[in-house]
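Please look through the sequence and the structure shown here before reading on. The report that follows moves from charged pairs to helices, and then to the ends of the chain's story.

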Amino acid sequence: MRACYLHACLKYVNREHLTNTSVRGRFGIEQQNIATASRLIKEAVDAGVIRACRSRLGQEPPPLRAMVGGPVGMDDKGEK
(Lines give C-alpha, C1' and ligand atoms only; values in the text may rest on other atoms or scores of the structure.)
Protein backbone atom coordinates (compact mmCIF):
# COMPACT_ATOMS: atom_id res chain seq x y z
CA MET A 1 0.00 0.00 0.00
CA ARG A 2 2.68 2.47 1.03
CA ALA A 3 4.86 1.51 -1.94
CA CYS A 4 1.96 2.23 -4.35
CA TYR A 5 1.44 5.59 -2.67
CA LEU A 6 5.12 6.50 -2.92
CA HIS A 7 5.21 5.36 -6.55
CA ALA A 8 2.20 7.61 -7.24
CA CYS A 9 4.03 10.48 -5.52
CA LEU A 10 7.08 9.99 -7.74
CA LYS A 11 4.89 9.91 -10.81
CA TYR A 12 3.06 13.04 -9.63
CA VAL A 13 6.21 15.13 -9.24
CA ASN A 14 7.19 14.06 -12.76
CA ARG A 15 3.73 15.11 -14.02
CA GLU A 16 2.81 11.54 -14.86
CA HIS A 17 0.20 9.06 -13.65
CA LEU A 18 0.65 5.72 -11.97
CA THR A 19 -0.43 3.03 -14.43
CA ASN A 20 -0.62 -0.74 -14.42
CA THR A 21 2.50 -0.78 -16.60
CA SER A 22 4.44 1.54 -14.28
CA VAL A 23 3.48 -0.54 -11.23
CA ARG A 24 4.60 -3.73 -12.97
CA GLY A 25 7.91 -2.10 -13.85
CA ARG A 26 8.46 -0.68 -10.36
CA PHE A 27 7.76 -3.96 -8.57
CA GLY A 28 9.20 -6.33 -11.19
CA ILE A 29 5.85 -7.98 -11.94
CA GLU A 30 5.86 -10.07 -15.12
CA GLN A 31 3.49 -9.22 -18.01
CA GLN A 32 1.51 -12.43 -17.49
CA ASN A 33 0.75 -11.33 -13.90
CA ILE A 34 -1.04 -8.13 -14.91
CA ALA A 35 -3.88 -8.93 -12.48
CA THR A 36 -1.46 -8.65 -9.55
CA ALA A 37 -0.62 -5.05 -10.45
CA SER A 38 -4.32 -4.27 -10.93
CA ARG A 39 -5.10 -5.70 -7.50
CA LEU A 40 -2.37 -3.58 -5.86
CA ILE A 41 -3.75 -0.44 -7.50
CA LYS A 42 -7.32 -1.30 -6.54
CA GLU A 43 -6.36 -1.93 -2.90
CA ALA A 44 -4.59 1.44 -2.73
CA VAL A 45 -7.59 3.20 -4.31
CA ASP A 46 -10.01 1.43 -1.95
CA ALA A 47 -7.86 2.48 1.03
CA GLY A 48 -7.99 6.10 -0.16
CA VAL A 49 -4.23 6.60 -0.48
CA ILE A 50 -4.47 7.16 -4.23
CA ARG A 51 -7.43 7.91 -6.44
CA ALA A 52 -8.44 6.55 -9.80
CA CYS A 53 -8.85 8.76 -12.80
CA ARG A 54 -9.81 7.86 -16.34
CA SER A 55 -8.03 9.37 -19.30
CA ARG A 56 -9.83 9.90 -22.60
CA LEU A 57 -7.28 8.97 -25.24
CA GLY A 58 -9.71 7.65 -27.82
CA GLN A 59 -9.40 4.18 -26.35
CA GLU A 60 -12.39 2.13 -25.28
CA PRO A 61 -12.53 1.74 -22.35
CA PRO A 62 -10.20 4.53 -21.26
CA PRO A 63 -7.15 3.19 -19.41
CA LEU A 64 -7.19 3.25 -15.63
CA ARG A 65 -4.66 5.66 -14.19
CA ALA A 66 -4.17 6.70 -10.63
CA MET A 67 -2.81 9.74 -8.89
CA VAL A 68 -1.95 10.81 -5.40
CA GLY A 69 -5.10 11.21 -3.35
CA GLY A 70 -5.80 13.16 -0.22
CA PRO A 71 -7.36 11.78 2.92
CA VAL A 72 -10.68 10.05 2.38
CA GLY A 73 -13.55 12.54 2.31
CA MET A 74 -11.47 15.41 0.94
CA ASP A 75 -12.03 17.03 -2.43
CA ASP A 76 -9.32 18.09 -4.92
CA LYS A 77 -8.59 21.25 -2.89
CA GLY A 78 -8.12 19.37 0.37
CA GLU A 79 -11.46 20.53 1.74
CA LYS A 80 -14.29 18.46 3.16
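## Charged pairs

A salt bridge, as the word is used here, is a side-chain nitrogen of Lys or Arg within 4 Å of a carboxyl oxygen of Asp or Glu. Side chains of opposite charge can pair when their charged atoms come close. The model discussed here is a predicted one, and a search through the whole structure finds three salt bridges.

In one of these pairs, glutamate 43 is joined to arginine 39, with 3.2 Å between the closest N and O atoms. These two residues are four residues apart in helix α3, which covers residues 34-47, so about one helical turn separates glutamate 43 from arginine 39. Glutamate 43 has a relative accessible area of 35% and is therefore partly exposed, and arginine 39, at 44% relative accessibility, also counts as partly exposed.

Another salt bridge links the side chains of lysine 42 and aspartate 46, where the N to O distance is 2.6 Å. Both of these residues belong to helix α3, and they too are four residues apart, about one turn of the helix. Aspartate 46 counts as exposed because its relative accessibility is 54%, and exposed means over 50%. A further salt bridge is formed by glutamate 16 and lysine 11, whose closest N and O atoms are 2.9 Å apart. Here glutamate 16 is partly exposed at 41% relative accessibility, whereas lysine 11 is buried, with a relative accessible area of 18%.

## The chain as a whole

The chain contains three helices and two strands, and reading along the sequence gives the pattern α-α-α-β-β. Of its 80 residues, 26% count as buried, a word that stands for a relative accessible area under 20%.

How well does the span of α3 agree with what its number of residues should give, and what are the two values? At 1.5 Å a residue, the 14 residues of this helix should span 20 Å, and the C-alpha atoms at its ends are 20 Å apart, which agrees.

The buried residues of α3 are Ala37, Ile41 and Ala44. Because they cover an arc of only 65° around the axis, these residues are on the same side of α3. On the other side of the helix, Ala35, Lys42 and Asp46 are exposed; of these, Lys42 and Asp46 are the partners in the salt bridge of 2.6 Å described above.

Leucine 40 also has its place in helix α3, and with a relative accessible area of 23% leucine 40 is partly exposed. Between leucine 40 and arginine 24 there are 10.0 Å from C-alpha to C-alpha, although the two are 16 residues apart in sequence. Just after α3 comes glycine 48, which takes a positive phi of about 85°.

Together with Leu10 and Tyr12, Val13 makes a nonpolar surface patch of about 330 Å². Arginine 15 has its place in the loop between α1 and α2, the latter being residues 20-27. The phi of arginine 15 is near 60°, a positive value in a residue other than glycine, and arginine 15 is exposed, with a relative accessible area of 81%.

## Strand β1

Isoleucine 50 lies in strand β1, which is made of residues 50-54. At 1% relative accessibility, isoleucine 50 counts as buried. The C-alpha atoms of isoleucine 50 and cysteine 9 are separated by 9.2 Å, while the two residues are 41 residues apart along the chain.

Definitions and conventions: Residues are numbered from 1 along each chain as its sequence is written. This is a predicted model: local features need pLDDT of at least 70, side-chain atom pairs count only at pLDDT 80 or more; totals for chains, interfaces and linings use all residues. Side-chain values use heavy atoms; hydrogens and water are left out. Patches are made of residues with over 30% relative accessible area and no salt bridge: like charges are joined within 9 Å, nonpolar side chains (Val, Leu, Ile, Met, Phe, Trp, Tyr) within 5 Å. Accessible areas come from the Shrake-Rupley method with a 1.4 Å probe; for residues, only the protein chains shown count as cover. Buried means under 20% relative accessible area, exposed over 50%, partly exposed in between (1.4 Å probe, protein chains only). The expected span of a helix is 1.5 Å times one less than its number of residues. The arc is that of the directions from the helix axis to the C-beta atoms.
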